[in-house]
Each structure stands twice: as C-alpha cells, then as structure tokens.
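Student: I would like to go through the terms used for this model and see what each one rests on. Please set the values against the cut-offs.

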There are 2 protein chains.
Amino acid sequence: MNRICNLFNIKYPIIQGGMVWCSGWKLASAVSNSGGLGLLGAGSMHPETLEEHIIKMKKATNKPFGVNVPLLYPEIEKIMQVVIANEVPIVFTSAGSPKKWTSQLQSHGIKVAHVVASSVFAKKCEDAGVDAVVAEGFEAGGHNGREETTTMALIPSVREVIEIPLVAAGGIATGSGMLAAMVLGADGVQVGSRFAISEESSAHPEFKKLVTTLSEGSTKLSLKKLAPTRLVKNKFFEDVSNLESKGASVTEMYNLLGKGRAKKGMFEGDLDEGELEIGQVSAFIKDILPVQKIIENVIAEYNQVKKKLSGEAEF
Amino acid sequence: MNRICNLFNIKYPIIQGGMVWCSGWKLASAVSNSGGLGLLGAGSMHPETLEEHIIKMKKATNKPFGVNVPLLYPEIEKIMQVVIANEVPIVFTSAGSPKKWTSQLQSHGIKVAHVVASSVFAKKCEDAGVDAVVAEGFEAGGHNGREETTTMALIPSVREVIEIPLVAAGGIATGSGMLAAMVLGADGVQVGSRFAISEESSAHPEFKKLVTTLSEGSTKLSLKKLAPTRLVKNKFFEDVSNLESKGASVTEMYNLLGKGRAKKGMFEGDLDEGELEIGQVSAFIKDILPVQKIIENVIAEYNQVKKKLSGEAEF
C-alpha cells in the first residue's frame with residue numbers, strides 16, 4: 001500500500017497545499033471528501049479564525065484533514081493551542097525548525113509533516129522525528145527556497161537521504177506530473193496552484209480568472225532580498241523588479257512591500273497592487289473546476305499514463 | 001519504436017548535449033559508440049578545429065553523430081560550410097532563429113533539431129520544419145532561458161503545442177530522471193552535466209573533480225543582465241553577484257566578464273576566476289565514469305524503475 005495513503009489514512013496520495021487566502025474549510029473539506037488530504041492554511045488566519053474553520057471543517061467532512069502552520073507566524077503558540085485543543089489529526093509545518101514542535105504535537109497523537117526545499121533540511125526533519133517530509137521545488141508558487149533547486153533535481157536528492165515518506169511539491173498539477181514525481185522517488189504529491197484555482201478556493205474570483213489566462217513565463221521568483229516568493233508579473237512585481245535592479249537595500253524593499261499585499265491581491269482581487277502568488281503550473285490551468293473534478297482528472301491521467309508506459313518495451 | 005531512436009537511427013534515446021569545452025570527438029564518439037547520440041560542441045571551436053574533430057569522429061565511430069551549433073556564433077557561415085562539406089548527418093542548433101538554417105541544412109540530407117526554453121519557441125521550430133525540438137529547463141547548466149521555466153513545467157507545455165519528436169533537457173542525469181521526462185511527454189532526453197564529468201570529456205580534470213564534490217545549491221543562474229547562465233558558486237560567481245546586487249549596468253557586467261572565462265574555468269581549470277558551467281544535477285554526480293558505464297547505468301535504472309512502477313496497483 002502507498003505509504004502516504006497509509007500514514008494519513010486517505011484514498012489518494014494527493015495533499016492540498018495549505019495556501020494563504022485560498023485554503024479555508026470549503027477547499028480543504030472538498031479535498032478530504034474527494035479522497036485527498038485537505039489542509040487549512042493557518043498562515044492567513046488569526047487563532048480564532050482558525051478555530052472557526054476547524055469547527056466548520058469537522059461538520060463538512062468526517063475524513064482526515066490537517067492544518068498548515070508556518071512556524072515564523074507571530075501567534076504561533078496560540079495557533080498550536082487551537083490545533084491541539086480541537087484535536088486536529090495532522091499538522092504540516094513550514095518556515096522554521098522542525099525540532100521546536102514535532103514531538104509536542106506527536107505527544108497529542110498528531111501526525112507531523114514538515115516542508116523543506118533541500119535535502120539537508122529533509123534530513124534534519126527525519127532526525128527531528130517528523131512522520132513525513134514535503135520537498136518543494138523552485139517552480140512552486142509563493143514562498144520558496146533560496147537555493148532554487150527544482151523538483152526534478154530536489155526529489156531524488158531528498159529520497160537518497162531520508163527513509164520516511166516523501167511528498168513532492170512544486171510543478172505538479174496533473175496526473176503525468178504526479179506520476180513523474182513518483183518516478184523520481186516521491187510517495188505522494190502536494191498540489192497547490194491547481195487547488196487555488198478551484199471553485200471551492202477562497203481566493204478572489206478576479207485572481208482565479210487571471211490565472212486561467214497565464215502562460216509560461218507569467219510568474220517569476222521575486223523579493224529575493226526578503227523571502228523569495230514566486231509571483232505573477234503584475235504591476236507590483238514590476239515595482240519590486242525595478243527597485244531590485246537599482247540595488248535597493250532590504251529596508252527599501254520592506255518599505256515597498258508594506259503590509260497585507262498578499263491579502264490585497266489574492267483575497268481582495270487587486271490585481272495591480274496585490275501580491276499574486278502562484279506556481280509555474282499556472283500555465284496548465286485553463287479553467288476553474290470543482291475540487292472533485294480536479295482530483296478525478298489527476299487520478300484518471302495518472303492511471304492512463306502509467307498504463308501506457310507499462311505497455312512500452314524496455315530499452 | 002521510439003521516435004527519437006527512429007529519427008536519428010540510434011539504440012537509446014539519449015543525446016549528449018554539445019557543451020562548450022567538454023564535447024570533442026572523444027566524448028561524442030564514446031556516446032555514439034555506446035548507443036546514444038554524440039554531439040560535437042562547435043560553440044568552443046573555430047571552423048578548422050571543428051573540421052579536425054569531425055574527421056577524427058568519423059574514424060572513431062561508424063554510428064550516427066551530430067554537431068551542436070549556437071547560431072549567434074560569429075563564424076557561423078564557415079561552421080555551416082564545414083558541417084555540410086564534411087557530410088555531418090545531424091545538426092542541433094540553438095541560440096537563434098530556427099528559420100535561418102533549417103531548410104538549407106535539410107536540403108543536404110541533414111536532420112535538424114533546435115534547442116528552446118519555451119513552448120512559444122518550440123512551436124516556431126515546428127513551423128520552421130525542424131525534425132525535433134529540444135526543450136531545456138531552468139535546472140540545466142550553462143546558457144539558459146529568461147523565463148526560468150523548469151523541466152517539470154516546460155515539457156508538458158511543449159508537448160501540448162508540437163507534434164514532432166521532443167527531447168527533454170535540464171535536470172536529467174539518471175534513469176529515473178529519464179523516465180520522469182518520458183512520463184511528462186518527452187520522446188528522449190539530452191544529458192549534459194553527467195557527460196561533462198565523464199572520462200572522455202575534454203573538461204579540465206580539476207573542474208571534473210570539483211563537480212563530484214558539489215551538492216544542491218552549489219550552482220545558481222547568474223549573469224542575468226547579459227545571457228542567463230547557470231554557474232558553480234565560485235569566486236567569479238561571487239564577483240558577479242556582488243556587482244549585480246549593487247545594480248550594475250550591462251556595460252559594467254561585460255567589463256567584469258571579459259573574454260574567455262568559460263575556457264579559463266572548464267578547459268584550463270582555473271576554479272576561482274573561470275566560468276564553471278554545470279547543471280543542478282551536479283549534486284548527483286559523485287564520480288568520473290567512462291561514457292559506456294554512464295549509459296549502461298541510466299538504461300539499467302530506467303528499466304528497473306519502469307518495471308517496479310508497472311507492478312504497482314492503479315489508484
């Protein structure tokens with residue numbers, strides 16, 4: 001049996017990335033109800049908002065689900081209290097050390113996965129006792145690693161240094177992408193962008209519509225002096241690029257960024273001044289579909305490509 | 001039968017990238033003799049040097065081989081004369097328009113492939129009548145596309161817009177990488193870095209030795225204001241980065257670059273001041289092997305992973 005399905009007690013080894021401003025209870029419950037693992041994105045929620053979403057989530061599904069928690073979050077202690085008190089079964093942590101919270105969460109029976117962008121950090125996760133590692137490549141949307149290692153190069157390296165279950169992320173939106181990730185050594189996949197542009201995503205309709213019109217080269221890794229983030233090349237992106245090419249300081253970059261840019265873009269639909277986070281796979285996303293249809297399409301293509309491959313001769 | 005094997009009349013759909021300072025007749029003939037397609041790298045040869053290599057190549061193998069020609073090369077007319085006069089059967093062109101030379105080469109019975117980094121240019125290649133397209137992702141070593149699309153994201157997009165045979169490049173050094181590329185829609189693969197660090201490569205021994213010690217994050221896309229190039233993070237790379245982060249002009253960047261940096265690094269072995277071009281897969285390369293062993297390893301792993309996958313249940 002597939003190790004990710006086994007670990008999280010799900011039908012398909014497809015995890016929905018816990019994305020800011022997209023991943024509320026509507027999206028996450030639809031994913032869990034369709035056989036994947038839905039994650040609430042705590043990165044854009046105050047503790048009381050998260051609690052509300054967990055309560056709604058439990059009414060909307062009796063399937064396993066989780067919460068994604070960026071560890072640099074200012075209200076992290078309260079967030080973890082909410083997670084534990086509400087008996088969330090699974091936590092995905094990111095942006096911080098896996099040592100800090102893993103054993104504490106596990107002592108409450110919570111399964112813990114940690115998101116990394118290098119095999120060095122993947123090994124640290126295994127040493128810290130996490131149950132699974134998510135390795136995310138350069139093509140992913142939003143926050144991204146500094147080493148810029150792509151999924152093709154990252155997954156085999158991580159697979160070589162850890163024994164525990166491995167989830168590939170970045171560049172995966174289709175069944176063939178999922179199969180390629182498995183071939184490279186992953187046990188499952190985390191899909192972000194494709195679910196961000198689903199009917200159930202809480203992203204603004206104008207943002208979703210914009211993404212369906214994007215093509216290759218419409219996104220780029222930006223804000224490298226702060227925290228590298230893959231953004232749509234909109235007006236805000238161009239403002240950042242212009243400042244960067246003049247050799248701006250970190251302080252100048254922070255001043256330009258200000259506060260609430262991601263909310264402004266993805267949640268409020270300001271396509272010019274907002275930060276629009278999406279992955280390179282946005283080039284494949286031509287429609288806004290219900291979650292169940294997305295998962296059906298991925299699995300159908302996965303099985304079809306796998307079958308075709310099995311029928312081909314060896315070299 | 002595999003379309004790339006069919007087109008080039010080779011045993012395995014593995015093409016050795018025609019890399020500057022690495023791909024002379026020794027490397028290319030070893031690849032062709034081992035069942036792949038060896039390419040001479042004209043990008044670092046004067047026309048008379050290329051002719052010498054073609055003559056030696058023909059003595060060293062009776063298998064198909066080709067020449068890689070960057071179209072921006074100053075002596076391009078003479079290079080093409082040498083190629084045609086010496087009845088080279090296959091030409092891979094890059095860095096320029098496929099319209100310029102394709103039909104002229106084909107009128108001499110030469111098969112033509114063109115290297116691109118986007119599906120827009122892939123379609124232009126098909127329209128220009130090339131026999132195959134090489135699509136190269138961001139993780140590749142050396143010169144690289146401006147849109148920074150990774151192999152995972154690039155190959156399915158290119159597959160969607162062209163019908164002709166497609167070769168995936170960037171991030172491929174192993175059998176599982178090759179299988180992943182085929183799953184994404186490629187008919188074959190171009191392998192650069194792994195062959196650059198073979199016994200038969202003409203790269204300097206010190207450069208080869210250095211690459212076997214690299215890990216993830218040891219390379220980065222650099223020189224973005226000139227022509228984006230993936231380099232090892234050595235002293236020269238740091239000098240470029242420092243100048244870039246101060247917002248240096250194109251002229252300042254050219255002055256720093258000067259002439260002959262790639263030769264100095266990869267061919268003369270100056271690991272500090274030279275330009276050291278290698279892909280992200282350098283992290284997987286732990287030894288300097290003979291070409292035949294490299295190809296045997298890739299094919300054995302390809303067959304093994306494919307077999308294992310075929311035995312797994314559908315979802």
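Tutor: What follows takes the terms in turn, for a model that is predicted.

Student: How do you know that the two chains are related by a two-fold axis?

Tutor: Chain B is superposed on chain A by a rotation of 180° with 0.0 Å of shift along the axis, at an RMSD of 0.0 Å. The two copies are thus related as by a two-fold rotation axis. The same surface serves both copies, since 100% of the contact residues of chain B recur in chain A.

Student: What makes up the contact between chain B and chain A?

Tutor: Contact here requires C-beta atoms within 7 Å. By that rule 43 residues of chain B are in contact with 43 residues of chain A. On the side of chain B that touches chain A, α7 (151-161), α8 (175-183) and α14 (291-311) of chain B each supply at least two residues. The largest share, seven residues, comes from α14(B). By type, that side of chain B divides into 17 nonpolar, 18 polar and eight charged residues.

Student: Why is Y254(A) called partly exposed?

Tutor: A residue is buried at 20 or more C-beta neighbours within 10 Å, exposed at 12 or fewer, and partly exposed in between. Y254(A) has 14 such neighbours, so Y254(A) counts as partly exposed. Y254(A) lies in helix α12 (residues 250-257) of chain A.

Student: Why is N9(A) called exposed?

Tutor: The limit for exposed is 12 or fewer. N9(A) has 12 other C-beta atoms within 10 Å, so N9(A) is exposed. N9(A) sits in the loop between α1 (3-8) and β1 (14-16) of chain A.

Student: What makes the phi of N9(A) worth a remark?

Tutor: Most residues other than glycine have a negative phi. N9(A) is not a glycine, yet has a positive phi of about 60°. A95(A) is also a residue other than glycine, with a positive phi near 55°. A95(A) is found in the loop between β4 (90-94) and α5 (102-106) of chain A. With 14 C-beta neighbours inside 10 Å, A95(A) counts as partly exposed, because that number falls between the two limits.

Student: In which sense do β2(B) and β3(B) pair, parallel or antiparallel?

Tutor: β2(B) and strand β3 (residues 65-70) of chain B pair in the parallel sense over four bridges. G38(B) stands opposite F65(B) in β3(B). From strand β2 (residues 38-41) of chain B, G38(B) and L40(B) point one way and L39(B) and G41(B) the other way, and all are buried. In a regular strand the side chains alternate between the two faces of the sheet.

Student: What lies between β10(B) and β11(B) in their hairpin?

Tutor: Six residues lie between them, and L223(B) in the turn has a positive phi of about 55°. The two strands pair in the antiparallel sense over four bridges, and T219(B) stands opposite V232(B) in β11(B).

Student: How is chain A divided into domains?

Tutor: Domain 1 covers 3-203 + 285-303, and domain 2 covers 205-281. Their C-alpha centres lie 23 Å apart. The contact takes 27 residues from domain 1 of chain A and 18 residues from domain 2 of chain A. On the domain 1 side, α9(A) gives the largest share, three residues.

Student: Which residues touch the most other members of the largest nonpolar core?

Tutor: In that core of 196 residues they are V133(A), V167(A), V133(B) and V167(B). Leaving aside neighbours within four places in sequence, the contacts of V133(A) include V116(A), I164(A) and V167(A).

Notes: Residues numbered from 1 in each chain as written. Chains lettered and ligands numbered in written order. Predicted model: local features only at pLDDT ≥ 70, side-chain atom pairs only at ≥ 80, totals over all residues. Core = buried A, V, L, I, M, F, W, Y, C linked by C-beta atoms within 7 Å. Contact = placed C-beta atoms within 7 Å. Least-squares fit on C-alpha atoms with pLDDT ≥ 70 in both. Domains from an automatic or database assignment. Nonpolar A, V, L, I, M, F, W, Y, C, P; charged D, E, K, R; others polar. Pairing = 2+ DSSP bridges.
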